[in-house]
Amino acid sequence: MNTAAKPAPRLDTPTDLGANATKDLAGALNALLADTFALYMKTKNFHWHISGPHFRDYHLLLDEQANQIFATTDVIAERVRKIGGTTLRSIGDISRRQQLADNDAPYADPQDMLAELREDNQRVTADMREAHDLWDEHNDVATASLLEVFIDEAEKRVWFLYEASRKGDPTGH
């Protein structure tokens, strides 16, 4: 049996974007996609390993957030294909491109988990804002519109993680 890799068929998708625009936009989207997968996995990790007196609330919050994050992965990957690019192919591909740090610690304090996820969501938000300039430069309004929704969702995750980690004010103020 011949196990030599055969060249993949061409995956050209018709687009009015130029080759440079496709390359730039696909590269930026794939970087965001890699971090989105990393954020999803970290959120699920913390969801599975959270403990303590607020277990149920945190467990449900992190599951809801992980589902929202995961739902964006297909949209981002399909956007890469729609503009004529190719997207991530493996866990290795993700790990080579991701900028967010993994957390493989055997135990993390729940407050540290929430803080780390809040910071990671803020970083992804900042990266999406920065990439928005690229979409504007290439007049890619569809990607810009998608990212605007994802920025809003990430900001909501940051807000919820912040509020869930606050200590109550005993004076009621």
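1. By class, seven nonpolar, two polar and two charged residues line the largest cavity. Here Ala, Val, Leu, Ile, Met, Phe, Trp, Tyr, Cys and Pro count as nonpolar, Asp, Glu, Lys and Arg as charged, and the others, Gly among them, as polar. The lining consists of Leu32, Thr36, Leu39, Ile69, Thr72, Ile76, Val124, Met128, Phe150, Glu153 and Arg157. Two or more of the lining residues come from each of helix 1 (19–49), helix 2 (55–82), helix 4 (110–137) and helix 5 (141–165).

2. This is a predicted model, in which local features need pLDDT of at least 70, side-chain atom pairs count only at pLDDT 80 or more, and totals for chains, interfaces and linings use all residues. Residues are numbered from 1 along each chain as its sequence is written, and side-chain values use heavy atoms, with hydrogens and water left out.

3. The volume of the largest cavity is about 90 Å³, and one cavity of 30 Å³ or more is found in the whole structure. A cavity is a set of points, on a 1 Å grid over the protein atoms alone, where a 1.4 Å probe fits but cannot get out; lining residues have an atom within 4 Å of a point. Grid points are joined across faces, edges and corners, and the volume is the space filled by probe spheres set on the points.

4. Helices (H or I, at least four residues) and strands (E, at least two) are DSSP runs, numbered from the N terminus. Of the contacts (heavy atoms within 4.5 Å) with a separation of 6 or more, 80% join residues 24 or more positions apart.

5. Of the 173 residues, 41% are buried, meaning under 20% relative accessible area with a 1.4 Å probe, protein chains only.

6. Threonine 87 lies in the loop between helix 2 and helix 3 (91–97) and is buried, at 15% relative accessible area. Its side chain makes a polar contact with the side chain of asparagine 30 at 2.6 Å. Such a contact is a pair of N or O atoms within 3.5 Å; within protein, one must be able to donate a hydrogen and the other to accept it, and residues adjacent in sequence count only if both atoms are side-chain atoms. Beyond four places in sequence, threonine 87 touches Asn30, Leu33, Ala77, Val80 and Asp93.

7. Valine 158, in helix 5, is buried at 14%. Leaving aside neighbours within four places, valine 158 contacts Arg118, Asn121 and Gln122.

Key
Buried means under 20% relative accessible area, exposed over 50%, partly exposed in between (1.4 Å probe, protein chains only). On a 1 Å grid over the protein atoms alone, a cavity is a set of points where a 1.4 Å probe fits but cannot get out, and a pocket is an open set with protein on both sides within 12 Å along at least five of seven lines; lining residues have an atom within 4 Å of a point.
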